[in-house]
Amino acid sequence: MPLSERWSDAALERVVQQRIVPALSAQGFCWLDGVLGEATGGAVLEQVRRMHASGALKGGQLMRSAPGVKRSAVRGDQIAWVCGEERGCEAVNVLLQLIDRLVSSAAKRLDKGISHRSKAMVACYPGGGAGYVKHVDNPNSDGRCITCIYYLNKNWNANDDGGVLRIFPEGKPYVADIEPLFDRLLLFWSDRRNPHEVQPSYATRYAITVWYFDSQERAEAKRRCRERTDSENSNSSE
Ligand SMILES: O=C(O)CCC(=O)Nc1cc2ccccc2cn1
Ligand SMILES: [Mn+2]
């Protein structure tokens, strides 16, 4: 089935209204399977594999690291940031445009002012136990509102390969274990409602992540940042 038919406006609205909005409202996260289909999903996987083989993926930076803590002990991913317009990212761009449509429609129904998103972070956990310790994507209101992760891993068996994304929904007595399966799209609130970790991976694990910004929270974060910079400048010039 061509993507245009799979994701007609009517089909998209149905998924947003019946799956995404209720799940985000009730539990704070939602995943969809069979998002792009074998052909387009496979094209995205091929493009990510090429990026990995070309050495374009580099060790991700740490936000804040304790002295002496090895980066890979905190996060073992190798990443590249793409906007989707780059040569060799045409299929990635198809994915990003679909996620944009889904999030834009969901934001309207959730009365969220989502203004824009980050570039896409293409990530590879190279196996050998690489993972990502428990963390919150946006713990301090930096503007990031919804995290969307598209997984690309065919024939993934969590018992052997690990790499499960475990979400610890705030205040809930349960955890959610999400396997990074091919053509799966996961969405969740980026703030403290959803601490999560990537359990050690023992096979190459690919994912593409984008973050959508709440316009008001982003503007507020930028204002605080400007104020901090201004006060640091005024202090240093005294
Ligand atoms: O691959 C997955 O299942 C999720 C991995 C994950 O949480 N990645 C991640 C990556 C990040 C990179 C920069 C800043 C914050 C970040 C937060 N989370
Ligand atoms: Mn994260």
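User: Is H196 buried or exposed?

Analyst: In this predicted model, the relative accessibility of H196 comes to 4%. A residue is called buried when its relative accessible area is under 20%. H196 therefore counts as buried.

User: Which residues coordinate the manganese ion (ligand 2), and in what sequence spacing do they occur?

Analyst: The manganese ion (ligand 2) is held at 2.1 to 2.2 Å by H135 through NE2, by D137 through OD and by H196 through NE2. H135 belongs to strand β6 (residues 130-135) and H196 to strand β11 (residues 196-201), so that this pair, 61 residues apart, links distant parts of the chain. H135 has a relative accessibility of 18% and therefore counts as buried. Written as a pattern, the spacing of the donor residues is H-x1-D-x58-H.

User: In what order do the four strands of the open sheet stand, and which strands are at its edges?

Analyst: The four strands of this open sheet pair in the antiparallel sense, in the order β6-β11-β8-β9. Neighbouring strands are turned against each other by 20° on average, with direction ignored. Strand β8 (residues 165-167) and β9 are joined over three bridges, with L165 standing opposite I178. Two strands have a single partner each, so one side of each is left without a neighbour in the sheet, and these edge strands are β6 and β9 (176-178).

User: How many residues of strand β5 (residues 120-125) are buried?

Analyst: Strand β5 pairs in the antiparallel sense with strand β3 (residues 78-82) over five bridges, where V82 stands opposite A120. Five bridges also join β5 to strand β12 (residues 205-214), again antiparallel, and here M121 stands opposite T209. Both faces of β5 are covered, with A120, V122 and C124 buried on one side and M121, A123 and Y125 buried on the other. The number of buried residues in β5 is six of six.

User: Which residue caps the N-terminal end of helix α7 (residues 215-237)?

Analyst: At 1.5 Å a residue, the 23 residues of α7 should span 33 Å, which agrees with the 33 Å between its end C-alpha atoms. At the N-terminal end of α7, a side-chain oxygen lies 3.0 Å from the backbone nitrogen of Q216, and the capping residue that supplies this oxygen is D214.

User: N155 and D183 each have a positive phi; where do they lie, and which of them is buried?

Analyst: Most residues other than glycine have a negative phi. N155, with phi near 50°, is found in the loop between β7 (144-151) and α6 (158-161), and its relative accessibility of 77% means that N155 counts as exposed. D183, with phi of about 70°, lies in the loop between β9 and β10 (184-189). At 3% relative accessibility, the buried residue is D183.

Conventions. Residues are numbered from 1 along each chain as its sequence is written. Chains are lettered from A and ligands numbered from 1 in the order in which they are written. This is a predicted model: local features need pLDDT of at least 70, side-chain atom pairs count only at pLDDT 80 or more; totals for chains, interfaces and linings use all residues. Side-chain values use heavy atoms; hydrogens and water are left out. Donors are N, O and S atoms within 2.8 Å of the metal (3.2 Å for Na, K and Ca); water is not among the atoms, so sites may look incomplete. Buried means under 20% relative accessible area, exposed over 50%, partly exposed in between (1.4 Å probe, protein chains only). Two strands pair if DSSP finds at least two bridges between them. Axes are lines fitted to C-alpha atoms, for helices over the stretch in contact, and angles run from 0 to 180 degrees between N-to-C directions. The expected span of a helix is 1.5 Å times one less than its number of residues. A polar contact is a pair of N or O atoms within 3.5 Å; within protein, one must be able to donate a hydrogen and the other to accept it, and residues adjacent in sequence count only if both atoms are side-chain atoms.
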